[in-house]
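Dear colleague,

Please find below the structure that I am handing over to you. A summary of the findings comes after it.

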Amino acid sequence: MTGRRSFVIALVATALLVGTAYWRIHRASEVSAASDQPIPFSHRIHAQAGVQCLFCHSSALRSDVAGIPSVQKCMGCHQTIAADRESVKILADYWQRQEPIHWQPVNTMPDFVFFSHQPHLGAGLSCETCHGNVGQMDVARQQTNMDMGWCLDCHLKQPQEKTARLADCLLCHK
Amino acid sequence: MTGAGVLTGMSPTVRRVALEPFVRPPEEELPGRATWYASTCRQCPAGCGILVRVINGRARKIEGNPAHPLNRGKLCARGQAGLQVLYNPDRLQNAVRQSGGRGSRQFKPIQWTEAIDQLSSAFKSLGAPSRVAFLGGLMSDHLLTLVSGFLKALGAPPPVLFDLHTALEGRAEATDMARRWFGDSQAQGVPLPLYDIARAQVVFSFGANLLETWMSPVAQGRDYGLMRQGQAGGRGLLVQFEPRLSATAASADEWIPVKPGTEGLIALGLGRIIVEDNLGQVGSHSEHAHLYRNVSVTDVADASGVSVETLRRLANAFAAADHSVAIPGGYLAGLGNGSQTMDAVLALNVLMRRLGREGGVFLPHQVPAEPFASSASVSSFAQVTDLIERLKAGQVDILLIHGCNPLYELPQWTGIAEAIRRVPLVISFSSCVDETAVLADLVLPDHTYLEGWGYQVVSPGADRPAVSGQQPVVRPLYDTRATGDVMLALAARIGGQVAQALPWSDEVAFLEQNSAQLLGTSSGIYDAHTPAGFWSLWRQHGGWWTEKPLRDEPEAIGTPTGPLQVSPAVFAGDAQQHPFHLIPYPSLALSDGRGANLPWLQEMPDPMTTASWNTWVELNPATARSLQVDNNDVVKVVSPYGELQAPVVVYPGIRPDAVAIPIGQGHRDYGRFAQGRGSNPLALLAPPSEQARGSWLPWGATRVRIERTGRKQELARVESLDGAGREKLR
Amino acid sequence: MSQADPARASAPSEYGERLLLEARQDADINQAVLQPMFRTGPAFWVLVTILGTLVAWGLYAWGYLVYWGIGASGKNRPVYWTLFITTFVFWVGISHAGTMISAVLRLLKADWRRPITRGAEAMTAFALMMAGLYPLVHLGRVWKFYWMIPYPNNRLMWPNFQSPLMWDMVAIFTYLIGSTLYLYLALIPDMAMARDYTGGWRYRLYRALALGWRGTEGEWHKLHRALSIFSVAIIPIFLSVHSIVSWDFAVTIQPRWHSTIFAPYFVVGAIYSGLSALASILVLVRRGMRLQEFLRAEHFNALGRLVMVAGMAWTYFWFAGFLVEWYGNEPVTRELIRQEVAGHLAPLFYLQMSANLIPVGLLAFKKVRTTPVLLLAATLLVNVGMFTERALIVIGSLQRNDIPFNWGTYRPTWVEVSIVVMTFAGFALLYTLFSRIVPYVPVWEIKEGRLRYTMRRIGRLLVPTAAEIE
Amino acid sequence: MAQDVKSSVEAAPRWAMIVDLDRCTGCQACVVACHAENNIPVVNEQQAAYGRWMHWIIVDRYWEGEYPNVKARFTPVMCQQCAQAPCEPVCPVFATYHNREGLNAQVYNRCIGTRFCGNACPYKVRAYNWFEPEFPSPLTEQLNPDVTVRSRGIMEKCTFCIQRIRRAELDAKAQGRQLADGEVQPACVQTCPPSALVFGDLNDPNSQVSQLARSHRSFRLLDELGTDPAVIYLKGGETNVPG
């Protein structure tokens, strides 16, 4: 009898342990919950207003990172546009104080991964391929869990003479 | 895993994601891509051109500027470590006052306005302008010009310049020598001579550590490479004359372990042989025969311990080569008979007609603009001792100290500490708390050279006139302020002719105006129509230099009419009591100790001993055996004027009658990486003898004795002692 | 076989060795084996506590190592492997005795093995468990150890089966599983026996472990089949395991490691140290559990002989290896030999040689072999020697390499030592508890042995005859 | 090399380095440059004294002869990037392996720290993170964002500045051209004052390294071990003063 109870307890304990471990490991890379940003910024509104991704994230074509627009760039439009909105007022305050805005990263990569936007856009990928249709979102979220399997999945589908290079660890890990 | 990872360090890497966009980005900035800014290295006086890799507003790497005529894209270890000057964890973050009084080490932050108020009021309430003193060290030329102008207008004596690095490379003495030989009648600043190592077939270096810290090591290192493998004429030859086998001697083909103080005699001996046997293809030597009239080769051999055969062999080699040069190095300047020795060495070039010849001796061409003319920015050691006397006599009320750390860099006998204590108001511009700052009332930290403006006239080393421009590559990390701006602000406050003498709103205006002086110089690599245009090009290129090589041919108008004299060197301490010659030498990593707060340089292995992080005492194996000490045994080194303790390094490349100790460690303050580590051999130095006439710091003219302590201390070495320096077991 | 027949009773004493426990009833034997399990006096608990504390301390040390990094141990560049790997090799060596005894001797039908098989097999299992810890302990990032396990993953990453460490893992696990099963199989009948003689938690435990053994012909037949299959199957594993361990070293080009003789040399060394360890343990257990009447002079005698032979073999292989090194005169190896003969490795070297050679001489005497104390001394000495030997191979060799500029030294730290001690204590602890939970002497094997021999009267004299059972 | 793209797999370079011992002055600029470029942690005096320094390149200094006829020679030693690397087969998790450009890849985030490669390497050029590296703030700002910061328990070594190679390749690709010879320069090569170090592609017969490799002075470290290194040394010359 006692044996059975202890067995059950042990079972539950292990289950909990495994569960937490799994959650810990996958929480980082899973499609993440939206992180709260210093300013309630909506991609949807801007997309509907016809702003292209590359207008704000302008360095994606030429650099590793897509780039977060400078306060100056934001103010470039918001001097006049929607200047009375609450969220824009917050922005204006930052500009007043000449203080950088600490945006929360949405798409994170472990820092032993060296990803560069430029070659991917060069290869003809579109932003949506990896980031999903951010234009439909009020709050941007990570759409795909960007783990190594996900990268390889695409790299190995490339023309056969390229795969040797595209599957080399040193391509992304340095 | 990331979350847990950061906590426990179990993630493979430390996560550093900062999403901090600019408020208003610099127009050249592209997020995620490096921007390279051209500037000037200030780790030593040479003034190499650098490019700094800046990403998202942070400097990440320093590299040589390939376009720069001095270093051609190359850089030395200390130059590479410049980042840690900028990001040093022990930097002062704002102006501070010592609240607990001087020496209390209690520093209280103060506002800059407050600080300048105090300064100006002090200047206003100054009795006589002569009661101000400015002690400058490794300061860039623009600041020197500003400060000189300031003091001149004030009617105060000009700034006194001293830093141990330039003292050890013997800049002042080299300048004197150049003035004696090449200076015209109205002896104004004659630049340092320039030795064309790259194209020489034979280089005789007398105690010049060309490849370590002397003058312009990067340029000389580059030339050395060319001299070895870059010449059509075949592999060049380097012979090194010095009592200790330095890293330069290690690269040399032959090392002549000279008895300290007899380098000059050897030079005379060589000259004598050349004259006697009429060696070389330069025709008759009769013109210079008188220089060597009363030299006896055998006496030279006896005195120096170098055999007559060797002397003849070397004389032949030197004379036979079409391109050969003899270089009087910094070590000579530390000897009692320094000036005579240097003359004797330089005379070899004159004798062999090497002045202005390929692979010979040149003088750098002046930069064709007034502000950049004064290049030889050194004071004689006499001026330093005079200043100290004035301080002791209480004739100074305000002492400003920039770019040097006299408490560390001057030997005790100068009594610098007491002297400074005498001064009512002491201002230090040091960017971190060093030994001197501890004795200051106010510390007004200057920008580090990666945050500040300036320029440096390149001398010597470049094959053409060049000015290295210095510009900020990052926004200042802390609330520091450029000393130039402080002086200007002060001048404005004082008003009167001082304010008129320094009319500029800030440093940059001053620099822009000065740079514009070169506007319309046809020989430059660039030119512009407007000062503004010129200024932007200046910053782009990191300075200004001429398109083509341009050097002057020196005329030996000052050649002595009588025979050359080299009197025997006098050493402090008698040979019985103190049997060993002390050879303190600048550490390749820490130079004169200003590198001691940079972890990269602390851990950098010394090329010869592969040791790091500490001070050591180099002994010849025979000497060590006779003293019954071995590696890592701590010995006490005692001179008539002081003593220190350090572990032994048994060093095959040093004379048995000499002891070598690297300079650079032994800081009492100066940050976590420097303080309380090793000891400072300057403590052993003796004051100048009669012979030295107090004209310079005789750092090579002291005798010491060695005492065993019985203690052991494991020195951090890369080399394994078991391996005993062998390459292979075969 | 319930009744002791008169002929047996009147057997001459010189046959006593063969006719084990002649005068005993089966029931008595059962009791004689079971009783010691229940005798847990204060001494026992004291022992358990001491061992327990040592293990706990060792675990703390391990935690410390993981938290601060491998730097907490005395390793450096170039001495990347030290006490951990040394002890690992040592334990794997120890583990070789068990199968040697029960598998090899079972096949050879050496009857004297019967009372000591279980002790030996238990030793194998526990030694392997201890050995198995080290590959984890010495990892720089132990929390990533699972990357060595081939499991499918979307990163398409697999372990590198070229690496000796992978061979190691496979070999060790195979051997551990094999030997544990082997131990358990031979345990089943005794579990049943214990089940029938005990109550309380022991009863429940034994009932579970006995798998409802009833002792029918069919069951006995299957058991014997299984055991004989196992004993054949496990011998190649037993030979391979230490060969593979030796290849950890032999496949590198590190001078002194890069040797072709390592595999057999290591195996022989393993048997040597294993058998010695077994002998030592038997002496101690015999004393501790008062099993004098089961573990008798003849067992020690035979075991002693084996150890002696293994010792000779080891000496031969050592000399063979040394000869090649010495004659090859490869500079670094020469330097190492110099260090061993007259350098900083000399103390270890002479300890190794004396501790390994002296016992061979001692064990030549029957007096030594049959006197427990002397046997204990001799065999302990052997294991001191073997540990030193491993230390010399692993740590000694790494201090020298082809570029004298990079030679190194090594000073152990408390962390390393604590962890090494932990495994010794852990082994002892497991073994002690084991001896209190499981019949240390395999009752059924003894009984079986009894059955093999009977005294038959032929004419006027009694002749011992052996029956074929297995 | 890259001219023939007929083959089914893209042609790859074979990166190699020349070390001209006749030029090397032992000035240690390469050592510090390497620290700065590759985020190599600085340990401390005690650790360094115990042989736990992390330099990826060290300048061996060898003594010859006795005073007064004593000579010292310098030999910079970094990872030799062997074609037949002893360190590669022993790694149980492929953290170190041979890549298509002839580099000994060291994948930090894959390394589990068995240190087997360190034992296997005959040149002993692999450095191990004995403890968590320390960068007291703001020294963190000096870290090169293109290079992983290794945590404790990870083996690291010279990578021929792979991050610079990749950067140059990307830029060349973006501008649609081939890499030029000498375009890629590891930190040590870039800074070396006497230009004792040269870097380039051995598969390109016209590259500077290929030409220097054909010099009569060329040799390779511990060549007898058959590791086929990609680092080629040029013997230091000996000119004795005639007489």
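In chain A, the mean pLDDT is 84, with 90% of the residues at 70 or more. The exception to keep in mind is residues 27-32 of chain A, where the pLDDT is below 50. Where pLDDT is low, predicted coordinates should not be read in detail.

Turning to the contact between chains D and B, chain D contributes 62 residues and chain B contributes 68 residues. On the side of chain D that touches chain B, at least two residues each come from helix H1 (29-38), helix H2 (45-49), strand S2 (58-64), strand S3 (71-77) and helix H6 (187-191) of chain D. Of these, H1(D) gives the most, with 7 residues. By residue class, this side of chain D comprises 33 nonpolar, 18 polar and 11 charged residues.

Chain B also holds an open sheet of 3 strands, ordered S1-S2-S3 and paired in antiparallel fashion. Strand S1 (35-40) and strand S3 (58-64) of chain B are the edge strands, each pairing on one side only. From one strand to the next, the twist averages 30°. S1(B) and strand S2 (residues 49-55) of chain B run antiparallel and are joined by 6 bridges. Within this sheet, B:Trp36 has B:Arg53 in S2(B) as its bridge partner.

With kind regards

Definitions and conventions
Residues are numbered from 1 along each chain as its sequence is written. Chains are lettered from A and ligands numbered from 1 in the order in which they are written. This is a predicted model: local features need pLDDT of at least 70, side-chain atom pairs count only at pLDDT 80 or more; totals for chains, interfaces and linings use all residues. Two residues are in contact if their C-beta atoms, placed from the backbone, lie within 7 Å. Helices (H or I, at least four residues) and strands (E, at least two) are DSSP runs, numbered from the N terminus. Ala, Val, Leu, Ile, Met, Phe, Trp, Tyr, Cys and Pro count as nonpolar, Asp, Glu, Lys and Arg as charged, and the others, Gly among them, as polar. Two strands pair if DSSP finds at least two bridges between them. Axes are lines fitted to C-alpha atoms, for helices over the stretch in contact, and angles run from 0 to 180 degrees between N-to-C directions. pLDDT is the predictor's confidence in each residue, from 0 to 100.
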